[in-house]
Amino acid sequence: MLIEFTKMHGLGNDFMVIDLVTQRLDLTEDFVRLLGDRHLGIGFDQLLIVEPPTRPDVDFKYRIFNQDGSEVQQCGNGARCFARFIQARKLSFKQRIRVETAGGVIALSTDNYGWVQVDMGKPKFEPDEIPFTPKAITKVQNSYRLNVEGIPVTLYVANIGNPHAVIRVDDVLTADVEKLGRAIESHPAFPEKVNVGFMQVMNNRHIRLRVYERGVGETQACGTGACAAVATGVREGWLDEGVDIRAQLYGGSLIIHWQDGYPMYMTGPATFVYEGVFSPEGLMAGAGMKLATSVAEDE
């Protein structure tokens, strides 16, 4: 049996998208890792799955898997690709759809120019909402002083459907993203791990950002990371509130708009790369693995 898929990217953050509304495929953690392998499989930062809704007030269910096989709550760049995929595959003819994620319901709106606006909901900052367990960690107003491999690091925390730690730096190009990102991602203070953003404030309406994503490593762009950074900047008074903020990442720029007490909006492009098919049985056999669960066609 062959499964159809689409390769897409949002500012270089790349995705494999599979329609499981009209197809059937049983996913295991090992199989997702195989699909994500850039040598043995397809390769991606995240795998995006379109499923039928499980509740009457939404249009689809949106599931996200990291390259390491772990399932996560949200992916902003992926959400934009998800919306354009739905439209291109004619799974819906609506310009605005509501989708359920593990992190809550979000709304996606497409335009005629390939850009998508995502209603990301309201950011959360309380430790138990991240989750973050800052026991014996110094708190100064909204920031926390975390000991990372013997180095004191000042960071902020936010949840935009998934957990983020935000560090303000003087220059993102010289920030030690790989070392600090890896250490903070799996720090005991973050029981579900965390995405780590390194933010440089250029002016009150422009930031530069690099993000170390949990289960992936540094990516070309991160939509929820941009939202977390802007939310932190607005909250701390570094950025203007209620206006469009440009978040500049390696892969390009996103526009983030947030006013305290209201949902946050992220706008940016979503790009198709190619369409393809794969054989689950063939991939597993080529990697020397056996299917742990059955794969069946729709009746």
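Mentor: C222 is found in the loop between β15 and α4 (223-236), where helices (H or I, at least four residues) and strands (E, at least two) are DSSP runs, numbered from the N terminus. This is a predicted model, in which local features need pLDDT of at least 70 and side-chain atom pairs count only at pLDDT 80 or more, while totals for chains, interfaces and linings use all residues. Residues are numbered from 1 along each chain as its sequence is written, and side-chain values use heavy atoms, with hydrogens and water left out.

Trainee: Why is C222 called buried?

Mentor: Buried means under 20% relative accessible area, exposed over 50%, partly exposed in between (1.4 Å probe, protein chains only). C222 has a relative accessible area of 3%, so C222 is buried. C75, with 5%, is buried as well.

Trainee: What makes C75 and C222 gather at one spot?

Mentor: UniProt, in an unreviewed entry, places the feature "active site" at C75 and C222; such annotations may be inferred rather than shown by experiment, feature names are shortened, and positions are given in the numbering used here. They span 148 residues in sequence, yet no two of their C-alpha atoms are more than 7.6 Å apart, so they gather at one spot.
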